[in-house]
Structures are given as structure tokens and as C-alpha cells.
Amino acid sequence: MEWREGLMASNKNRKTELKKRRSHRAEMKRQEELAQARSEGRLIGDQIMPKGAIKADVSKQKTCSAGPWTPKLWYVDTRFSCTDCGKREVWTAKQQKWWYEECQGIVESKAVRCRACRKKRKEGGKLQSRKSGS
Ligand SMILES: [Zn+2]
């Protein structure tokens with residue numbers, strides 16, 4: 001939580017600085033953005049969720065950290081390169097919600113392999129355990 005509190009504090013500082021610099025227009029724009037985000041259900045606390053993102057259920061998230069951690073407030077489609085074959089794939093917001101909230105994947109984890117390589121590993125693991133079991 002420490003990190004998030006620090007972030008909020010710096011946001012507040014930035015806000016007062018903006019006001020000092022008589023940047024009234026920026027403040028108006030922010031208010032406009034907040035109002036629009038609120039009407040579209042994209043406002044979480046004082047944070048604006050990007051368009052296309054899915055709101056997260058923080059209470060369902062798990063962490064391996066014993067200390068402070070940063071929960072995910074929303075999920076958004078993420079591009080990554082597969083660590084096995086290098087293929088570029090999109091980890092969708094929906095898949096992330098499923099992973100973190102239904103599968104109880106820890107928030108520190110993320111997708112590293114494409115679908116094909118995950119399948120390959122899963123099948124390979126099964127074969128290996130069958131071999132060692134006999
Ligand atoms: Zn791959």
C-alpha cells in the first residue's frame with residue numbers, strides 16, 4: 001500500500017503545483033475527464049480506468065508478497081512476447097481477470113508463453129510425470 005499512498009501524495013502535489021501555475025484549464029479538463037469517466041463507469045476512487053479495460057475485484061486478488069503490494073484496479077489487454085518461441089501475443093483483460101480472480105494467480109505473475117507453447121508444456125509435463133511414475 002505504501003507505493004499507492006506515495007503515488008496519491010505526488011498527485012496531490014502535482015495538483016497544487018498546477019493551481020499555482022494558474023493552470024485553471026488543466027484542472028477543468030481533469031474535472032471533465034473525471035465526469036466523463038464517472039458517467040461511463042470508468043472511475044475507480046480518483047483513478048480513471050482506460051477505455052476497454054475491465055474493472056478488477058481487488059478482494060479476490062492474491063499476492064505472494066508478505067509486505068505492501070499493489071493490487072490491480074483494472075485489467076487491460078497487454079501485449080507480450082512468448083519466452084519460448086518469441087511469438088507476440090495479446091493477453092486480454094478478460095483472461096487476466098480469470099487468471100487473477102478465478103485461478104487465484106498471484107498479482108506478481110503474468111503471461112509469459114503463447115497459447116501454443118503453454119499447451120506444449122502442459123502435454124510435455126503430463127508425459128514426463130507418466131514416465132517417472134512407472
Ligand atoms: Zn510460444
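In which sense do strand 5 and strand 6 pair, and over how many bridges? The pairing of strand 5 (residues 78–81) with strand 6 (residues 88–91) is antiparallel, over four bridges. Strands pair here if DSSP finds at least two bridges between them.

## Ground rules

This is a predicted model: local features need pLDDT of at least 70, side-chain atom pairs count only at pLDDT 80 or more, and totals for chains, interfaces and linings use all residues. Residue numbers start from 1 along each chain as its sequence is written.

## Overall layout

The protein has four helices and six strands, in the order α-α-β-β-β-β-β-β-α-α from the N terminus on. Helices (H or I, at least four residues) and strands (E, at least two) are DSSP runs, numbered from the N terminus.

Of the 134 residues, 4% count as buried. A residue is buried if 20 or more other C-beta atoms lie within 10 Å of its own, exposed if 12 or fewer, and partly exposed in between, with C-beta atoms placed from the backbone.

## The hairpin

Across the strand pair, phenylalanine 80 stands opposite glutamate 89 in strand 6. Six residues lie between the two strands of this hairpin, where glycine 86 has a positive phi near 80 degrees.

## Helix 2

Helix 2 covers residues 24–39, and its 16 residues should span 22 Å at 1.5 Å a residue; the end C-alpha atoms are 23 Å apart, which agrees. The expected span is 1.5 Å times one less than the number of residues.

Just after helix 2, glycine 41 adopts a positive phi of about 70 degrees.
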